[in-house]
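Student: I would like to learn how to read the packing of helices in a model. Could we begin with the terms and then turn to the case at hand?

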Amino acid sequence: MRSTLERPSERVCAAFGGELDGASALPDSSAWHCGDLVLKPVTDKSRTLWTARALDHIDEPGLRVAKPVRSRDGRWIVGDWSAWRYVSGTPEHRCDEAVLTAVKLHRATADLPRPDFLSARKDIDAVADRIAWEELDRPLDEAKGGRWFEILAPARRPVKLPPQIAHGELLGGVLFDGPAAPGIVDFVPYYRPGEWGAAIAAVDALSWGGATAALIDRWAHLPEWPQLLLRAVLFRLAANALNPRSTGAALDGLRAAAREVSAVL
C-alpha cells in the first residue's frame with residue numbers, strides 16, 4: 001500500500017511539466033498540489049486511464065473540470081502517478097447545486113461507453129449497487145441497515161430509463177469556490193441511468209448533508225425520480241450493512257433519508 005505521505009519524484013513532476021519545489025500534500029488525500037497541477041498516485045491503471053478519458057471528454061458550460069494532463073511524451077501515467085489541472089474549492093453542503101451538477105455531468109457523459117473494469121469490481125459499493133438493482137442477492141445485517149432495506153425493497157418497480165455512466169460519489173467530490181462553477185475532480189463510475197447519480201447526491205444530502213425533504217420535492221421533475229431515489233437509498237443501506245467499519249452515525253443519517261424516500265413512493 002502506497003503511503004499517503006509519499007511525494008512524487010522530481011522526474012515525475014518534470015515529466016508532466018511541473019516543478020517539485022513548493023509542492024504540498026492536499027488535505028485528507030494522497031494527492032499533491034504542484035503549481036497548476038495535482039499529481040495523484042495510481043493504484044488502478046485501468047480506472048485511471050478511463051477517468052482521464054472521461055474527464056477529458058466533458059465540455060459542459062457551468063462545470064469546472066480537472067482535465068488530465070499528458071506527460072511530455074504523451075503518457076497519462078508516469079512512474080505510477082497521473083497529473084490533472086488544479087481546480088480550486090472544497091466540498092460544501094450546497095445540496096441543490098450538487099444535484100444540478102449531477103444533472104449537467106450526466107448530460108455531458110451520456111455517450112460514454114461502459115468501462116470494462118466495472119464487471120470485475122467486487123468491492124463493497126459494487127456489490128451494494130448490484131443488490132439494490134436486483135442483480136445480486138446477499139444477506140444484509142439487519143442492525144446495520146438490512147432491516148430498512150427489507151422494508152423498502154418491495155417497492156422497487158422496473159426503471160425504463162437507459163443506462164449510462166453515472167457518478168456514484170458526487171456530493172462529497174464536487175468542489176465549491178464562492179460563486180465559481182462547481183468543480184469536478186474525479187469520477188466514480190457505475191452503469192445506471194444518469195438521473196440515478198442525481199438521486200444518490202440527493203440521498204447523501206438527506207443522510208449527511210443537512211438537507212430536508214424539500215430537496216427531493218424540488219427535483220421531482222426528473223424522470224422516474226421516486227424509483228431512482230429508492231434505488232439510491234437501497235444502495236447506501238446495502239453498503240452500510242456490508243461494511244464492517246460502518247458507524248451508528250452513518251446509519252442514523254440513512255434512516256432519516258429512508259423515511260423521506262418512503263414518503264414519496
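Tutor: Contact means heavy atoms within 4.5 Å, and helices (H or I, at least four residues) are DSSP runs, numbered from the N terminus. This is a predicted model, in which local features need pLDDT of at least 70, side-chain atom pairs count only at pLDDT 80 or more, and totals for chains, interfaces and linings use all residues. Residues are numbered from 1 along each chain as its sequence is written, and side-chain values use heavy atoms, with hydrogens and water left out.

Student: Which residues of helix 6 and helix 9 meet?

Tutor: From helix 6, Val-203, Leu-206, Ser-207 and Trp-208 meet Ala-249, Ala-250, Gly-253, Leu-254, Ala-257, Glu-260 and Val-261 of helix 9. By class, this contact of helix 6 with helix 9 has eight nonpolar, two polar and one charged residues, where Ala, Val, Leu, Ile, Met, Phe, Trp, Tyr, Cys and Pro count as nonpolar, Asp, Glu, Lys and Arg as charged, and the others, Gly among them, as polar.

Student: How are two packed helices described?

Tutor: They are described by the angle between their axes and the distance between the axes. Axes are lines fitted to C-alpha atoms, for helices over the stretch in contact, and angles run from 0 to 180 degrees between N-to-C directions. Here the axes of helix 6 (residues 194-208) and helix 9 (residues 248-262) come within 7 Å and cross at roughly 120 degrees, which makes helix 6 oblique to helix 9; angles under 35 degrees count as roughly parallel, over 145 as roughly antiparallel, 65 to 115 as roughly perpendicular and the rest as oblique.

Student: At what angle do helix 4 and helix 8 pack?

Tutor: Helix 4 (residues 124-132) and helix 8 (residues 225-242) pack at about 135 degrees, with their axes 8 Å apart, and they are therefore oblique to each other.

Methods
Helices (H or I, at least four residues) and strands (E, at least two) are DSSP runs, numbered from the N terminus.
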